[in-house]
Every structure is written in C-alpha cells, then in structure tokens.
Amino acid sequence: MKTEIVQLTKPTAQFVEVLNRWENDRELIPLIRPNKSQEELDRRETITLERIRDRLEYQQIFQIFVNHDIIGEMNYMVDPPHLYKQESGTAWIGITIGEPEGRGKGIGFEAIQYLEEHIYQQGFNRIELGVFEFNTNAYKLYQKLGYEEIGRLEDFTYWNGKMWSDIRMEKYL
C-alpha cells in the first residue's frame with residue numbers, strides 16, 4: 001500500500017465529484033461538518049469547482065492517494081477567526097478520509113504527520129483543530145500524535161438524537 005499526498009493547485013471536475021460524494025455520504029456528514037438539528041444533518045450540499053477555487057484563496061488543500069486512488073483530503077488555514085486560542089501563526093487543520101477502505105489503516109496518522117511537517121516548513125509552530133466529542137477514534141488519533149485538549153464548545157453539533165461538544169486541541173511543533 002503506497003500513500004501519496006499531493007497539494008491541490010488546480011481543482012478538477014473529478015476532484016469536485018469526489019468531494020460531493022463525501023460531503024453527502026450519510027456516514028461522513030456527522031463527522032465532517034457541524035449540524036444544529038436533524039434537518040441540517042439531512043441537508044445535502046453541492047460543492048462546485050468555483051467553491052474549491054475560492055477555498056484555495058485562504059486554504060492549502062492536499063489530496064491523499066493510496067495506490068493512485070484518492071481516499072481523502074486534508075487542509076489548513078492560518079489564523080482563522082474560529083480558533084479557540086487566538087495565537088498568531090496558528091494553522092487550523094482538517095482531514096477527511098472519505099473512502100471506507102482508507103479508514104483504520106494508519107493513513108490518517110501518516111497524512112497528518114506529513115501536514116505537520118509542511119506547516120512547520122512554512123514557518124508556523126502551532127496547530128489547532130476541532131474534533132466532535134462522539135468521534136472517539138479521531139480523538140485518540142490526535143492524542144497519539146501529541147495533541148492536547150484545550151477546551152470544549154458545548155452543544156456544537158447534533159448527531160444521534162442529541163447535541164455534542166466540539167473538542168478543541170492543540171500541538172506545538
């Protein structure tokens with residue numbers, strides 16, 4: 001199994017098609033976006049090529065491939081307003097392993113290490129992220145990578161009939 005990470009510079013229709021599939025996957029929706037109600041959880045979204053081009057104005061996006069097949073994406077932005085701890089030079093990261101066959105195999109671990117190294121080489125020394133309280137596998141992964149909990153935003157997202165917190169974590173590089 002060969003993992004390859006490629007920075008996105010020019011989005012393609014194929015990439016947009018994959019993102020739309022993940023964005024509207026019933027199993028992934030609760031993990032990749034906050035929802036305030038069952039109605040929001042049931043909502044479907046359409047990602048456009050233009051929207052990805054707009055994201056590239058403020059986000060670095062990376063595609064994760066295994067054996068030449070795209071299985072996920074990750075991204076970061078610097079000093080966004082939603083940081084829990086407003087510390088200049090902080091990269092906020094996000095990762096989605098969209099394909100089921102890519103989960104639980106260490107690909108996320110490897111990909112985040114790659115992203116951390118890239119962020120460090122760009123001159124940033126702090127990373128912050130949010131993980132939904134019910135996503136215990138991701139929480140354990142971040143702990144294993146050295147992230148520490150710095151706070152919780154209560155009643156942040158709806159899933160499985162109730163509201164859950166967003167756990168904010170940080171790591172200094």
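1. Asp79 is partly exposed, at a relative accessible area of 33%. That value falls between the cut-offs of 20% for buried and 50% for exposed. The model is predicted, so read each value here as computed from it. Asp79 sits in the loop that links strand E3 (69–78) and strand E4 (90–97). Its phi is near 55 degrees, which is positive, and Asp79 is not a glycine.

2. A second residue deserves a look for its backbone. Asp155 has a phi near 50 degrees, again a positive value in a residue other than glycine. Asp155 belongs to strand E6, residues 148–159. For background, most residues other than glycine have a negative phi.

3. Next, Lys171. This lysine is part of strand E7, which covers residues 162–172. Is Lys171 buried or exposed? Lys171 counts as buried because its relative accessibility is 16%, and the cut-off for buried is under 20%.

4. Two polar partners of the Lys171 side chain can be located. One is the side chain of Glu116, joined to Lys171 by a polar contact of 3.0 Å. The other is the backbone oxygen of Leu145, which the Lys171 side chain reaches at 2.6 Å. Leaving aside residues up to four places away in sequence, Lys171 touches Glu116, Asn125, Arg126, Ile127, Leu145, Gly146 and Tyr147.

5. Now the pair of helices H5 and H6. H5 spans residues 107–121 and H6 spans residues 136–144. Their axes come within 11 Å and cross at roughly 45 degrees. The two helices are therefore oblique to each other. The crossing of H5 past H6 is right-handed. On the H5 side, Gly108, Phe109 and Ile112 make the contact, and on the H6 side, Leu141, Tyr142 and Lys144 do. By type, the residues of this contact are four nonpolar, one polar and one charged.

6. Finally, helix H1, residues 13–23. Which residues of H1 are buried? They are Phe15, Val16, Val18, Leu19, Asn20, Trp22 and Glu23. In an α-helix, residues three or four places apart point the same way, because there are 3.6 residues a turn. What do the buried residues of H1 pack against? Their partners are helix H2 (29–32), helix H4 (49–55), strand E2 (60–66), E3 and E4. E3 and E4 are also the strands on either side of the loop that holds Asp79.

Technical notes: Residues are numbered from 1 along each chain as its sequence is written. This is a predicted model: local features need pLDDT of at least 70, side-chain atom pairs count only at pLDDT 80 or more; totals for chains, interfaces and linings use all residues. Side-chain values use heavy atoms; hydrogens and water are left out. Helices (H or I, at least four residues) and strands (E, at least two) are DSSP runs, numbered from the N terminus. Buried means under 20% relative accessible area, exposed over 50%, partly exposed in between (1.4 Å probe, protein chains only). A polar contact is a pair of N or O atoms within 3.5 Å; within protein, one must be able to donate a hydrogen and the other to accept it, and residues adjacent in sequence count only if both atoms are side-chain atoms. Contact means heavy atoms within 4.5 Å. Axes are lines fitted to C-alpha atoms, for helices over the stretch in contact, and angles run from 0 to 180 degrees between N-to-C directions. Angles under 35 degrees count as roughly parallel, over 145 as roughly antiparallel, 65 to 115 as roughly perpendicular and the rest as oblique. A crossing is left-handed if the near helix is turned anticlockwise from the far one by less than a right angle, and right-handed if clockwise. Ala, Val, Leu, Ile, Met, Phe, Trp, Tyr, Cys and Pro count as nonpolar, Asp, Glu, Lys and Arg as charged, and the others, Gly among them, as polar.
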